[in-house]
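Please look at the sequence and the three-dimensional structure shown below. The explanation that follows is meant to be read with both in view.

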Amino acid sequence: MSKIWTLYRKEMLEAVRSYKLIWIPVVFIILGIMQPLVTFYMADILASSSNVPAGFMESYEMPGASEVMAQALGQYGTIGLLILALGTMNSLAGERSGGTVELLLAKPVSPAAIVAAKWTAHLTVLIIALGLGAAGAAYYTVQLMGPLSWSAVAAATGLYGLWLLCTVSVTLLFSAWLRGPAAAFLALLLAAAMSVSYSLLPSRLDWMPAALPGMSAKVLTAGGIAVGPVVSAAVLILTCIAGASLLAGRNKLPD
């Protein structure tokens, strides 16, 4: 455990030096606060537009606070996933390319400890970024739209964070096998494939991790949490960590 802690501190120091601990939370904060601001001023934006059909403004209704918060979290499903994949893609690929993994494995450090430290560091960055982004979104939503259930916000944020963590874990797995850009591309492709599959067969694939974003929105608007997606997401994450541990140090980057 002390070795993992030492490696974790090294990873967090690297995150600070590379400004990853700054720019990722900043992007998440911007994404979070944009949704309630744009929604609140949408009526003014439409009113000042000359292309709005006659009578449209009379039928326009401001969404509720819970719906706006759900939409704010949904912003992380595209740009957020891309940012996290780009921030994770060189975790092991870069170490193997620079020979750092070989140096670490020459010491009494197991591949599992290396992967665990890296995964925990990425989890820390995710918690900070998503926590600040959701807090900013919730603050502006409450100020502009109305009150929110903070327990529902916390549960919805946790569920969405679990979906984002799945993508981070998959990227880490591919990073132990391929170069960084290829790892990010395949991780995003897999996440997109799961989302499309779930959208096509929601009743049969409601146990997949891709159901977590929809469940997150449902917690805010209607309530209720299903166990299946949470369990499958946990299994996927553990599988990725175990797979990355097995691949770390075994595969060399192609010339």
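The paragraphs below go from the overall fold to particular residues.

The model shown here is predicted. The protein contains 13 helices and 0 strands. Reading along the sequence therefore gives the pattern α-α-α-α-α-α-α-α-α-α-α-α-α, in which each symbol stands for a helix as assigned by DSSP. Of the 255 residues of the protein, 44% count as buried. The protein exposes about 12,800 Å² of area, and carbon and sulfur atoms supply 68% of that area. Contacts also tell us how the chain is folded: among those between residues at least 6 apart in sequence, 79% join residues at least 24 apart.

Which residues have the most contacts inside the largest nonpolar core? This core has 66 residues, and those with the most contacts inside it are Phe28, Met69, Leu73, Tyr76, Trp163, Leu164 and Leu220. Helix H10, which covers residues 150-175, provides the largest share of the core, namely 15 residues.

Residues up to four places away in sequence aside, threonine 167 touches Leu81, Ala187 and Ala191.

A pair of aromatic rings is described by the distance of the centres and the angle of the planes. A search of the whole structure finds 5 aromatic pairs. In one of them, phenylalanine 28 and tyrosine 76 are stacked, with 4.7 Å from centre to centre and 15° between the planes. This pair links distant parts of the chain: phenylalanine 28 lies in helix H2 (residues 20-40), whereas tyrosine 76 lies in the loop between helix H5 (65-74) and helix H6 (79-88), and the two are 48 residues apart. Both phenylalanine 28 and tyrosine 76 are buried.

Another pair is formed by phenylalanine 40 and tyrosine 41. Why is the pair of phenylalanine 40 and tyrosine 41 called edge-to-face? The ring centres are 5.0 Å apart and the planes stand at 85°, so the pair is edge-to-face; the angle needed for this class is over 60 degrees. Phenylalanine 40 is partly exposed, with a relative accessible area of 29%, and tyrosine 41 is partly exposed as well, with 41%.

On the surface, a nonpolar patch is formed by Tyr19, Ile22, Trp23, Val26, Ile30, Met34 and Val38, which together have about 650 Å² of accessible area. One member, methionine 34, is found in helix H2. Its relative accessibility is 42%, so methionine 34 counts as partly exposed.

Attention now turns to charged side chains. Side chains of opposite charge can pair when their charged atoms come close. How many salt bridges does the structure have? The count comes to 2 salt bridges. In one, the side chains of glutamate 11 and lysine 10 meet at 3.3 Å, N to O. Glutamate 11 is buried, with a relative accessible area of 14%, while lysine 10 is partly exposed, with 34%. In the other, the side chains of lysine 118 and glutamate 11 meet at 2.8 Å, N to O. This pair links distant parts of the chain, since lysine 118 belongs to helix H9 and glutamate 11 to helix H1 (residues 2-17), 107 residues apart. Lysine 118 has a relative accessibility of 2% and therefore counts as buried.

Is valine 125 buried or exposed? Valine 125 is buried, with a relative accessible area of 4%. Valine 125 and alanine 15 are 110 residues apart in sequence, yet their C-alpha atoms are 8.4 Å apart in space. Leaving aside neighbours within four places in sequence, valine 125 is in contact with Lys20, Leu21 and Ile24.

Notes
Residues are numbered from 1 along each chain as its sequence is written. This is a predicted model: local features need pLDDT of at least 70, side-chain atom pairs count only at pLDDT 80 or more; totals for chains, interfaces and linings use all residues. Side-chain values use heavy atoms; hydrogens and water are left out. Rings of Phe, Tyr and Trp (its six-membered ring) pair if their centres lie within 6.5 Å; planes under 30 degrees apart count as stacked, over 60 as edge-to-face and the rest as tilted. Helices (H or I, at least four residues) and strands (E, at least two) are DSSP runs, numbered from the N terminus. Buried means under 20% relative accessible area, exposed over 50%, partly exposed in between (1.4 Å probe, protein chains only). Patches are made of residues with over 30% relative accessible area and no salt bridge: like charges are joined within 9 Å, nonpolar side chains (Val, Leu, Ile, Met, Phe, Trp, Tyr) within 5 Å. Accessible areas come from the Shrake-Rupley method with a 1.4 Å probe; for residues, only the protein chains shown count as cover. A salt bridge is a side-chain nitrogen of Lys or Arg within 4 Å of a carboxyl oxygen of Asp or Glu. A nonpolar core is a set of buried Ala, Val, Leu, Ile, Met, Phe, Trp, Tyr and Cys residues joined through side-chain atoms within 4.5 Å. Contact means heavy atoms within 4.5 Å.
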